[in-house]
Amino acid sequence: MANSLKKEQQSMPLAAKPSCNATLALASDQTFAFNKAILNKAAKQQINQKVLPILAECKEIDGITITGHTDHLGASRSNQILSEKRAASVANYLKTKGVSARMNVLGAGETQSIKLCDEKLPHGKLIACLAPNRRVLIEVHGKTQ
C-alpha cells in the first residue's frame with residue numbers, strides 16, 4: 001500500500017505557483033516631454049503607485065521587460081534610439097527604488113503604433129493625436145509564492 005501511495009503522489013502534477021504577471025503602460029505624455037527621455041514627476045508617481053506595489057507582491061521575480069515606444073514623427077533611427085532611452089530611464093528609476101530583478105530593456109521605436117491620425121492635421125494637433133503611441137510598457141514576470 002505504501003508503494004501505491006508513492007506512485008499516486010509521483011503521478012500527480014505539481015500545483016503551479018500563482019503568478020504575479022502584469023503589464024502596465026505608462027503614457028508618454030504623462031511620462032516624458034515630447035521628444036525627451038527624462039522621467040517627469042507624474043511618471044515617477046505612476047511607477048511608485050502602480051508598478052512598485054505589484055513588485056512588492058511578488059515573492060519571486062523572473063524578470064521585467066521594459067519596452068519604449070514612439071510615434072512615427074521624425075527619423076526612424078532617432079525614434080528607435082529615443083524609445084530605448086525611455087525604457088532605460090524607467091529601468092534606472094526602478095533600480096533607484098531598490099528593484100534588483102533582471103530587467104530586459106527594449107526599444108520598439110515607431111513599429112507598434114496603436115493609433116493612426118490624419119497626417120493633414122496641424123503639427124501640434126498631430127502630436128496630440130499620436131500621444132497614445134508614445135508609451136513605455138512594463139511587463140512583470142513572477143510568482144506570488
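Reply: Lys143 and Glu60 meet through their side chains in a salt bridge, 3.8 Å from N to O; the term means a side-chain nitrogen of Lys or Arg within 4 Å of a carboxyl oxygen of Asp or Glu. This pair links distant parts of the chain, with Lys143 in strand β4 and Glu60 in strand β2, 83 residues apart. Strands (E, at least two residues) and helices (H or I, at least four) are DSSP runs, numbered from the N terminus. The model is predicted: local features need pLDDT of at least 70 and side-chain atom pairs count only at pLDDT 80 or more, while totals for chains, interfaces and linings use all residues. Residues are numbered from 1 along each chain as its sequence is written, and side-chain values use heavy atoms, with hydrogens and water left out.

Lys143 also forms a salt bridge with Asp62, at 2.8 Å from N to O. Asp62 is in strand β2, 81 residues from Lys143 in strand β4. Relative accessible area is 23% for Lys143, 32% for Glu60 and 33% for Asp62. Each of these values counts as partly exposed, the class between buried (under 20%) and exposed (over 50%), using a 1.4 Å probe and protein chains only.

A further salt bridge pairs Asp71 with Arg134, at 2.5 Å from N to O. Asp71 lies in the loop between β2 and α4, and Arg134 in the loop between α5 (123–129) and β4, 63 residues apart. Asp71 is buried, at 2% relative accessibility, and Arg134 is buried at 2%. The count comes to three salt bridges.
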